[in-house]
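The stops below are given in the order in which to select them.

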Amino acid sequence: MPLFEGQEHYQRLMKLAMDTSWSGILIADREGQYLFANRRYEELTGWSNEVVQELDSQVLGQYLIREKVSTVDLVLQQKKEVLLVQSSSCDERIFLVRGVPYFDQSGAVAYVICHLLELSALQHYTDSLESSRRKSQHVFEDFVKIADQNGAYSEKIIFRSQAMYQVMEQINLVAQTDATVLIRGESGVGKELFAKRLHDASSRRGQPFIRLNCSAIPDALLESELFGYEAGAFTGGSAKGKKGLLEHANRGTMLLDEIGTMPVSLQSKLLRVLQEREYTKLGGHEPIQADVRFIAATNADLEGMVREGSFREDLYYRLNIIPIRIPPLRERKEDIPVLVRHFIRQLNSKYQLRKAVSPEAMEVIAQRPFPGNVRQLRNFLERMALLSANDCLTREDVDRFYSSETLQDLSPEPFTFGKRSLQEMMDAYEKYILTEYKKRFKSSYKVAEQLGTNQSTISRKFRKYQI
């Protein structure tokens, strides 16, 4: 099949392509004689195609361009592409002009093609694109605002960055399904908050949202908490038995927080629930159907744990069907000012304060790394708001109160008389030890083994010190 249906169709198609171009197009020959001008060129200059063909480059150049320099002449002289910014001689318009040579077989310039773009029009297109982008964001914000007003969401997620818009769009899309979701992110980014938003945007909203923190419950009790147990299942248990969290979450959503801390012995049983959608209570025999949507959350390196054998590979793939990564604050610094204003309003309401952040202080806050992310930012603002004597929080306040949170303050030499309490010095030394062990051994399992304690204890302390 030929590329075009014939010479006539080809010519009509090329003319349409030229006439619908955003830029004015002018073609001249090696003598500087104008051969063709498209419709946009006529609109920009007021010279019709027929009139243009009666003029040479010098006359037209002098009429259109104040500098009396013809782009065509420059291309013919220099035998290369030329890009100029020129102004009209009859009004105040500014043009971006690009001249491109067309060479014949001997290497001589046979034709010159000029593209003329009015810079004000370019700005108009740019403004239109920006307006469309803002409009789409406003539509999304209006949707969130209406949902919040209707009580659909328990807590607002405050953001402005494009990275977070993408995360929220992904959450709203995934919420329409029952697919298992794995939320990844550093400590303090608000993984539980995003999991709750996913639940509230789903068809299961109004049903239970149950959170199980896998690191907060001793390994020996975790299985009974998750699955429940029958009467007489073990010594010390309730004589009536107990419902597990899975049963409480029926028809709703379960968040398995800190999933990386779940003991391997329990991982196989969780895998069965995800695969078969049923489980059995401790001491029981009858399978129970699990009508539950699962969301897992972690800041652990699950891939590394799979390689070292501390996390089941099959469970990892079953959980990682829909991965959602929450970016840390350092990757979305444009969110920090809106978060600061939001938290300051909350703190003013909670403590009956009248605090405000100066522009200089806001600029400094936005440049801080906040390794503890949103949680650390809020704690820092609360400390600064309560302890500063100034209603308008200054750059000096930021420097003074932020420095107390840095790792430098938690040095390996905490025994400095008169500076800190005994508990502060003990915490500082413990954090230093755990930080150094984490750098060397990477996972909480390895650190626990080296320090002679259990992994859940190490995980709790990692969270406590935001390591």
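Which residues form one aromatic cluster with F370? F370, F380 and Y402 form that cluster. Before you select them, note that the model is predicted, with local features needing pLDDT of at least 70, side-chain atom pairs counting only at pLDDT 80 or more, and totals for chains, interfaces and linings using all residues. Residues are numbered from 1 along each chain as its sequence is written, and side-chain values use heavy atoms, with hydrogens and water left out.

**Whole chain**

Show the whole chain as a cartoon. The chain has 20 helices and 16 strands; these are DSSP runs numbered from the N terminus, helices being H or I of at least four residues and strands E of at least two. Of the 467 residues, 44% are buried (buried means under 20% relative accessible area, exposed over 50%, partly exposed in between, with a 1.4 Å probe and protein chains only). Among contacts with a separation of 6 or more, 60% are between residues 24 or more positions apart; contact means heavy atoms within 4.5 Å.

**Aromatic pairs**

A pair of aromatic rings is described by the distance of the centres and the angle of the planes. Rings of Phe, Tyr and Trp (its six-membered ring) pair if their centres lie within 6.5 Å; planes under 30 degrees apart count as stacked, over 60 as edge-to-face and the rest as tilted. The count by this rule is seven aromatic pairs.

Select F159 and Y165: this pair is edge-to-face, at 4.9 Å centre to centre with 80° between the planes. F159 is buried at a relative accessible area of 14%, and Y165 is buried at 3%.

Next select F370 and Y402. Their ring centres are 5.4 Å apart and their planes are at 85°, so this pair is edge-to-face as well. F370 lies in the loop between α15 (359-367) and α16 (373-387) and Y402 lies in helix α17 (residues 395-403), so the pair ties together parts that are 32 residues apart in sequence. F370 and Y402 are both buried.

**α14 and α15**

Select helix α14 (residues 336-351) together with α15. Their axes come within 9 Å and cross at roughly 120°; axes are lines fitted to C-alpha atoms, for helices over the stretch in contact, and angles run from 0 to 180 degrees between N-to-C directions. That makes α14 oblique to α15 (under 35 degrees counts as roughly parallel, over 145 as roughly antiparallel, 65 to 115 as roughly perpendicular and the rest as oblique). Show side chains for I336, P337, V340 and R341 in α14, which meet M362, I365 and A366 in α15.

**α9 and α11**

Move to helix α9 (residues 219-227) and helix α11 (residues 264-276). They pack at an angle of about 15° with their axes 11 Å apart, and are therefore roughly parallel to each other. From α9, L222, E223 and F227 meet L266, K269, L270 and V273 of α11.

**A300**

What is A300 in contact with, leaving aside its neighbours within four places in sequence? The residues are R184 and M305. A300 sits in the loop between β13 (293-298) and α12 (302-308) and is partly exposed, with a relative accessible area of 22%. To finish, draw a distance between the C-alpha atoms of A300 and R184: they are separated by 8.2 Å, with the two residues 116 residues apart along the chain.
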